[in-house]
Amino acid sequence: MGITQCNIAHALEKTKYPDSDIYWKKFDEKYHFSCQFTADIIAMNNADFIITSTYQEITGSKNTVGQYESHTAFTLPGLYRVVHGIDVFDPKFNIVSPGADMSIYFPFTEKDKRLTALHGSIKSLIYDPEQNDVHIGHLDDRSKPILFSMARLDRVKNMTGLVEAYSKNAMLRSLVNLVVVAGYNDVKKSKDREEIAEIEKMHELIKTYNLFGQFRWISAQTNRARNGELYRYIADTHGAFVQPALYEAFGLTVVEAMTCGLPTFATLHGGPAEIIEHGISGFHIDPYHPDQAAILMADFFEKCKQDPNHWVKISDRGLQRIYEKYTWKIYSERLMTLAGVYGFWKYVSKLERRETRRYLEMFYILKLRELRLFYSCR
């Protein structure tokens, strides 16, 4: 159509599931990896420029492979082999980090903007002793700070890993209550096999470690306005937010929590490693070493108990980090600038891309169209 195409992939599935290329046949019926990977390669090569949220999405770190880097060379056994899927050093790559909606997510200290009318329902959500399909578990000591997390209930988000790490650390349990918002708490309500397995594991952890009185599990909440006030309500307790994912492409909940003034602990695998400056504006945790993560969180709350200003210092520095790099105003200005730059470059350079487009069209006709037809027929 002759337009300037920008490709923005929040999360490429290939890096979320280790060895998903080698064992693509095993998971293809559920995840359609073959179709996804092929479509991603076509889109990223056809784009005039690519926007990523973090540097790690492009080339990873010294210990991890970047999302785009993982598409450079790989094999789908029995289907095809990629020898040069994408050039991660191509100047078409640009880092533009998104932000939180500041009409919903704003610091807990801005009292005049607080949604106090929601405090009754939030208090009930966290502390009401009734057990139902919205919340199970209860908190005996309401004077404790709250360690809080909110995410989908699947293996990658690692919510059960957080609960297990908390369960095994006696010091952390004595210092804080744990509250998580994730999925359903009733297996009958879920049709996803992975989520069902996580639900069952969560119930098992509650029983095994006798978490009653220290743990609250709230089913997924979709009211964004109340979720924003929920972050601030947790901040009122001088609590903290945890993002324990095995891998996180960016980490919007990390930005949301920090924007609300919550000290934040987040996985070092993926985007949060760039959002947070460890020990300054928050803390990095390694989900593959949960015992160390629990010790780090316990140490933080022990320091806060001895010196309440420590909590305020981390909270303030987190907010400062957000205002410097992670707002939608910054994002929109950079995106519009890049659109203009690459649109102008496309116009003045008139690069000959006929061969590239021919190859991509051939790739589409020979592989992707066949895969799409296969899945649509099924």
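User: Which residues of helix 2 (residues 24–31) are buried?
Analyst: This is a predicted model, in which local features need pLDDT of at least 70 and side-chain atom pairs count only at pLDDT 80 or more, while totals for chains, interfaces and linings use all residues. Residues are numbered from 1 along each chain as its sequence is written, and side-chain values use heavy atoms, with hydrogens and water left out. Helices (H or I, at least four residues) and strands (E, at least two) are DSSP runs numbered from the N terminus, and buried means under 20% relative accessible area, exposed over 50%, and partly exposed in between, with a 1.4 Å probe and protein chains only. In helix 2 the buried residues are Trp24, Asp28 and Tyr31.

User: Which exposed residues sit on the face of helix 2 turned away from its buried side?
Analyst: The buried side holds Trp24, Asp28 and Tyr31. The face turned away from that side carries the exposed residues Lys26 and Glu29.

User: Where does Asn158, another residue with a positive phi, lie?
Analyst: Asn158 is not a glycine, yet its phi is about 60°. Asn158 is buried, with a relative accessible area of 13%. Its place is the loop between strand 7 (146–150) and helix 6 (159–168).

User: How many salt bridges are there?
Analyst: A salt bridge is counted where a side-chain nitrogen of Lys or Arg is within 4 Å of a carboxyl oxygen of Asp or Glu. One of them joins Asp21 and Lys14, whose closest N and O atoms are 3.7 Å apart; Asp21 and Lys14 are both buried. By this rule the count is 13.

User: How far apart in sequence are the parts tied together by the salt bridge of Arg114 with Glu229?
Analyst: The closest N and O atoms of Arg114 and Glu229 are 2.5 Å apart. Arg114 lies in the loop between strand 5 (93–95) and helix 5 (119–127), and Glu229 in helix 9 (residues 224–236), so the pair ties together parts whose separation in sequence is 115 residues.

User: How many disulfides does the structure hold?
Analyst: A disulfide is a pair of cysteine sulfur atoms within 2.5 Å. For Cys260, which is buried at 0% relative accessible area, the nearest cysteine sulfur is that of Cys304, 18 Å away. The number of disulfides in the structure is zero.

User: What accessible area do Phe344, Trp345, Tyr347 and Val348 have together?
Analyst: These residues form a nonpolar patch on the surface; patches are made of residues with over 30% relative accessible area and no salt bridge, with like charges joined within 9 Å and nonpolar side chains (Val, Leu, Ile, Met, Phe, Trp, Tyr) within 5 Å. Tyr347, one of the four, is in helix 14 (residues 328–349) and is exposed at 59%. Areas come from the Shrake-Rupley method with a 1.4 Å probe, and for residues only the protein chains shown count as cover. Together the patch residues have about 500 Å².

User: How far apart are the end C-alpha atoms of residues 141–304?
Analyst: UniProt lists this span, in an unreviewed entry, as "domain: Glycosyl transferase family"; its positions are given in the numbering used here, feature names are shortened, and annotations may be inferred rather than shown by experiment. The span is 44% helix and 15% strand. Its end C-alpha atoms are separated by 18 Å.
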